[in-house]
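Please keep the sequence and the structure in view while reading.

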Amino acid sequence: MARQDDTEVRVAVVGPFSGPRAAWGELLTRAAADHGDPGVVWEFHDDRGDADAAEGVARALTAEPVVRAVIGHFNSLGAARALPHYRRAGLPVLLPLATDPDLLACGGGALRWCPHDLGQPAAIRRAAQGLGIGTLAAVDDGSPYGRRLAERFAALSPDPAATGQALVVCGTHHGAADTARRLRADGHDGPLFFTDDCAVAEFADLLGDQASSARVVRLRGGPHLQVEAAFAALVRALRSDPAATGDRLLAAVRAAARLSFDADGDPVDADDDAGWEVVPVALLSAPAAPRPAGAPVTGYDVVVVGAGAVGAATAAELASAGLSVAVADLGPGAGSATRASGGLVRAYEPEPVVRALAVRSHQLLWGTASPPRSAGFRRTGSVVLLGPDDVAEAERGIGELSAAGIKADLLTPRELSVRWPDLTADGVAAAVWEPGGGYADPGGTAALYLARALRHGAVLLPPGPVHALEPHRRGVRVCTPAGELTARCAVVAAGGGTPALLGDRLPPRPGGPAPRTKRIRYAFFRGPGRPLPAVSDLTCGIWGRPQLDEPFAGGQLTGRPVEEWDVSAGAGDALTDEQVAHIRAGVVHRWPWVSRAPYLGGRFGADLYHPDGPFLGLLPGEPPVVVAACWSGAGFKTAPGAAEEAAAAVRCLLRWQGATP
């Protein structure tokens, strides 16, 4: 690494290197040894896993700052006490394992690699159900840490004293082991689960004979992965910008990390339980798998081409099923339809095939009690405006939505105008109203699914276009800018770039028309100041929704179809005056106030269109490919359901090949 003024970069590594939690400090010392660099000096500072000691370390490091950054603290209580000092000093902090959900709320100055504690209860419930355990109760070891965790498990069961009850023991690994021995001595003979501080090899020795039947929740793949990732990102950032300090260094770390972060510095999947797993305690003392030597892995079960909403969600489905998955992000120049999507979300679609995918997606993501924060879902409600010929299909669709537990009603034009006086009902025969609809952040949703895939072991390839998919004895050879790799099959979710990869294999129906790219363009105008739902107008093809957050907060997204075909797959945010005027003129009959509303900004993109609807499933011929493309502008809202079907097709294909899916 180049060194400014021939001085080395000093980084403080803070954690419990002595005391009862020193086993966790060993993760830091090992990671520092594995990420040695001639330009970096790792300085170790012991906080003993104690909040008072952690604040003392922070005061000392910021009194006369000589370090460039801090990695640690592990203990969330200690990190919460230390972070204000680092923020005032402008010292970037990398948090590999501090899991308290509120730690970074609106504070800045730090990045966190691990998901929140909120995923632990869901992961344990999932594991318990797999073992046939219906009810769980939580107990703690009496420590502040244990009590705080136990509160998150409080809804599991009202009766932790019941003999034979399955228990979740919350606390530090020493305290939890003592608590487990006391529970057994008091006659509790039910299964025991332990929380994440117990996910160290030492804990198996502390439990003794009980370790053989106990289970512990831990960060997926083991906590060492987050520690190593934080060290690696910092080293890469310093190599790319050796003089960086403060916010500039933090931005460089963001760019160098193999993880996406939200504005607060949390990972985009922070509240997703996919980042947690439950393993037997006995597994903790098993020797770690050796580090791979030599060339990187080039053979996978599946390569997913495209990291938009559909591709990322498909990769997450496949990786969570235990398959080895590589994801080819086609790069910023590929013009992903996800990046340009307006993000409208609803379950009703006039086409039955797409409607089934939208309904399933609602069940999987949008209609859940708490959609993940990074998906940016805003439940504004959704209205689909119908012409006279659309009503019969809408009535059938509402029946399907109701059968799936999705509330939907058919509104008259008068009801529509009374509810939303800023939305006219001219030419409308009826409207499908879904109070559970709205809009979401397409980029955030894709990042969430990609993070979920990576947590489950998927590999993200260097960004760039895939040049070719060729037959290979293993299945398919994938030619990328970084080299060739092989897989048993490929999933192509490349949007407008799909025809270039698959050529005359599209469309799958012989003799049918070829798919074509079409321009999508929309503008943001200042909103009317009163709430409006997301709108899709089947009478003329326009669409719109409110914009509640930055950018363009207080605006109204309005889109109008254009007959611009066979366009490039590029995207952007610059509209000409003529294009803005075209949109304004086409939507003013539905939103009259748009005629005088200031223009705030706009976007354009492209998607792949075909009259037969989406291409979703296994293509005939070689190499073996499952395609998930040609969404005709409807892909985002259906991505979770489409990914489920694409993954099912892959598993079926691998069974035919004789592989274990």
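## Basis

The model is predicted: local features need pLDDT of at least 70, side-chain atom pairs count only at pLDDT 80 or more, and totals for chains, interfaces and linings use all residues. Residues are numbered from 1 along each chain as its sequence is written, and side-chain values use heavy atoms, with hydrogens and water left out.

## Helix α9

Helix α9 spans residues 246-256, and its buried residues are G246, L249, L250, A252, V253 and A256. Buried means under 20% relative accessible area and exposed over 50% (1.4 Å probe, protein chains only). Helices are DSSP runs of H or I with at least four residues, strands runs of E with at least two, numbered from the N terminus.

Viewed down the axis of α9, the buried residues fall within an arc of 160°, so they line one face of the helix. The arc is that of the directions from the helix axis to the C-beta atoms. D247 and A255 are exposed on the face turned away from the buried side. The cover over the buried residues includes β3 (69-71), β4 (93-95), β5 (110-112) and α8 (224-240).

## Cavities

There are 2 cavities of 30 Å³ or more. A cavity is a set of points on a 1 Å grid over the protein atoms alone where a 1.4 Å probe fits but cannot get out; lining residues have an atom within 4 Å of a point.

The largest cavity holds about 190 Å³ of space. Its lining has 16 residues, with R21, F74, L97, D196 and D197 nearest the centre. The second largest cavity has a volume of about 40 Å³, and its lining includes H116, D262 and R373.

Key: Contact = heavy atoms within 4.5 Å. 1 Å grid on protein atoms, 1.4 Å probe; cavity = no way out; pocket = protein on both sides within 12 Å on 5 of 7 lines; lining within 4 Å. Points joined across faces, edges and corners; volume = space filled by probe spheres on them.
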